[in-house]
Amino acid sequence: LMSAYSSLASGFGSEYVMEGSSVDIANLQYGEITYAGMEVLYPALSLMPGDVFYDLGSGVGKLVLYVALRGEVSRAVGLEVGDRRHA
């Protein structure tokens, strides 16, 4: 998991939204979860087999990938409005 996390790019940089979006760019803020943060967060989520995990504002999808690779949920979905971070 650490190897997969490390190989993904960061979404930091100047921002713009996907074409046709009504999102105000001034309202976009970005923070990225660290691998250490995911290690602490994951057990607190108490995910069960058959659960669907949604990450709203998923950035480049690192947390979604982490949850999917852990293999306990039936599906992991990331939603991102920022075009630069949309993976």
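Tyrosine 42 is buried, at a relative accessible area of 7%. Here buried means under 20% relative accessible area, exposed over 50% and partly exposed in between (1.4 Å probe, protein chains only). Tyrosine 66 is also buried, at 3%. Tyrosine 35 has 18% relative accessibility and so counts as buried. The model is predicted: local features need pLDDT of at least 70, side-chain atom pairs count only at pLDDT 80 or more, and totals for chains, interfaces and linings use all residues. Residues are numbered from 1 along each chain as its sequence is written, and side-chain values use heavy atoms, with hydrogens and water left out.

Aromatic pairs were assigned for rings of Phe, Tyr and Trp (its six-membered ring) with centres within 6.5 Å; planes under 30 degrees apart count as stacked, over 60 as edge-to-face and the rest as tilted. This rule gives two aromatic pairs. In one, the ring centres of tyrosine 35 and tyrosine 66 lie 5.8 Å apart with planes at 85°, so the pair is edge-to-face. Tyrosine 35 belongs to helix H2 (residues 35-45) and tyrosine 66 to helix H3, so the contact ties together parts 31 residues apart in sequence. Helices (H or I, at least four residues) and strands (E, at least two) are DSSP runs, numbered from the N terminus.

Tyrosine 66 also pairs with tyrosine 42: the centres are 5.7 Å apart and the planes at 75°, so this pair is edge-to-face. It links tyrosine 42 in helix H2 to tyrosine 66 in helix H3, 24 residues apart. Tyr35, Tyr42 and Tyr66 form one aromatic cluster.

Helix H3 spans residues 62-70. Its buried residues are Lys62, Leu63, Val64, Tyr66 and Val67.
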